[in-house]
Amino acid sequence: MIRSGWMQACAVAGVSTTAFFAMAFSGAAQVAPKGGNPLFTDAFTADPAALVVKDTLYLYVGHDQATGDEMFTMREWLVYSTEDMKTWQAHGPIMKATDFKWAVRDSWASQVVESNGKFWLYAAVEHDKTHPGKAIGVAVSDSPTGPFVDARGSALISNDMTPQGPHTWDDIDPTVYIEDDGTAWLIWGNANCYYARLKPNMTELDGPIQQIPLPKYVEGPWIHKHAQTYYLTYASMDKAVSNDELISYATAPSITGPWTYRGEISGPAENSFTIHPAIVEFKGQPYFFYHNGKLTLNGEKGGLGRRAVAVEHLYYNTDGTIKPIVHTTEGVSAPRQK
Ligand code: FUB
């Protein structure tokens, strides 16, 4: 049994994960059971990344299209939007992996950020034979709902740029954080957590690739800031205990560190050994997005390659640490605790 704070919190909170929230379709594009989990029931979705633009939260996801026992079959990225965290609109595909002409497949984790009046999508894909392995591309759009087009015509990060990586898929899971002064940082990686500054044009590195040492780090880094502190949340694993990913985090006074490990905040996802975090504040409230394998859609059961994104309220302690997060069916349809 995994012995972490989130399990204890689950027991203490006595949170019901059985409440049933009927689908309440209020329009053709309404795709969420009113804030309950999983968030979307029109497609299998994974690797959530949130972006707030004025009154709207956009959630970018990979489209899980695996059949049978396939691991990951992901050909495109989708985006959904909400103004109230309960009613969501599906905007459909915004880009395919093969829209990067140098990529051959795999729309793995992505994130969209806003800079210079444009929207920039950073995403992991499989590179063609000229630079074999996973790579990170950058695409641009005038709208948060796309369409996005390759902004470089080549990979921003390819496997040969990180020779210290232990395998060919270490260059995945990009996240971009933009400082108040406009400085943008790219953070990414499986097995190693890499980071590098981006040039103001958002399409080139502006300095060396460095590493952030993090205990039990696997993948899925996500940066956010709260009360002047930087938080780096990531998928972690304690192989002595389980092969399922958990969510851990570290904090720092700046992106360049030093980072202090703060522990685990979330247990494993149900029915999926991967879990992937995104934390964002929207209309004054913090939220934690992740995915699990609980959705059954058109007779196909969820699982490793058929995941579904979900969201929970996130709470800070007075010292700035994050309270353990319990995975629920109610999600944010349940009122925030006082
Ligand atoms: O979706 C493919 C991979 O699974 C992502 O890159 C990882 O973060 C994990 O969620």
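**Ground rules.** I number residues from 1 along each chain as its sequence is written, and I use heavy atoms for side-chain values, with hydrogens and water left out. The model being predicted, local features need pLDDT of at least 70 and side-chain atom pairs count only at pLDDT 80 or more, while totals for chains, interfaces and linings use all residues.

**Strand β2.** I took strands as DSSP runs (E, at least two residues), numbered from the N terminus. I looked up burial along β2, residues 56-63. Eight of its eight residues are buried, so β2 is largely enclosed by the rest of the structure. Buried here means under 20% relative accessible area, with a 1.4 Å probe and protein chains only.

**Partners of β2.** I count two strands as paired if DSSP finds at least two bridges between them. Strand β1 (residues 45-53) pairs with β2 in the antiparallel sense over seven bridges. Within this pair, leucine 51 is opposite tyrosine 58 of β2. The β1 and β2 hairpin has two residues between the strands, and lysine 54 takes a positive phi near 55 degrees there. Strand β3 (residues 76-82) is also antiparallel to β2, joined by six bridges. Leucine 57 has threonine 82 of β3 as its bridge partner.

**Cavity search.** I searched the whole structure and found one cavity of 30 Å³ or more. A cavity is a set of points, on a 1 Å grid over the protein atoms alone, where a 1.4 Å probe fits but cannot get out; lining residues have an atom within 4 Å of a point. The largest cavity has a volume of about 50 Å³, taken as the space filled by probe spheres set on the points. Its lining includes Ala49, Asp173, Trp222 and His276. I sorted the lining into six nonpolar, five polar and one charged residue. β6 (110-115) and β14 (217-226) each supply at least two lining residues, and β14 gives the most, with three.

**Annotated residues.** I checked the UniProt record: an unreviewed entry lists Asp47 and Glu219 for "active site". They are spread over 173 residues of sequence but cluster in space, with a largest C-alpha distance of 11.1 Å. Such annotations may be inferred rather than shown by experiment.

Aspartate 47 lies in strand β1. At 8% relative accessibility, aspartate 47 counts as buried. Leaving aside neighbours within four places in sequence, its contacts (heavy atoms within 4.5 Å) include Tyr60, Val61, Gly62, His276 and Arg307.

Conventions. Buried < 20%, exposed > 50% of the residue type's maximum accessible area, 1.4 Å probe, protein only. Helix = DSSP H or I, 4+ residues; strand = E, 2+ residues; numbered from the N terminus. 1 Å grid on protein atoms, 1.4 Å probe; cavity = no way out; pocket = protein on both sides within 12 Å on 5 of 7 lines; lining within 4 Å. Nonpolar A, V, L, I, M, F, W, Y, C, P; charged D, E, K, R; others polar.
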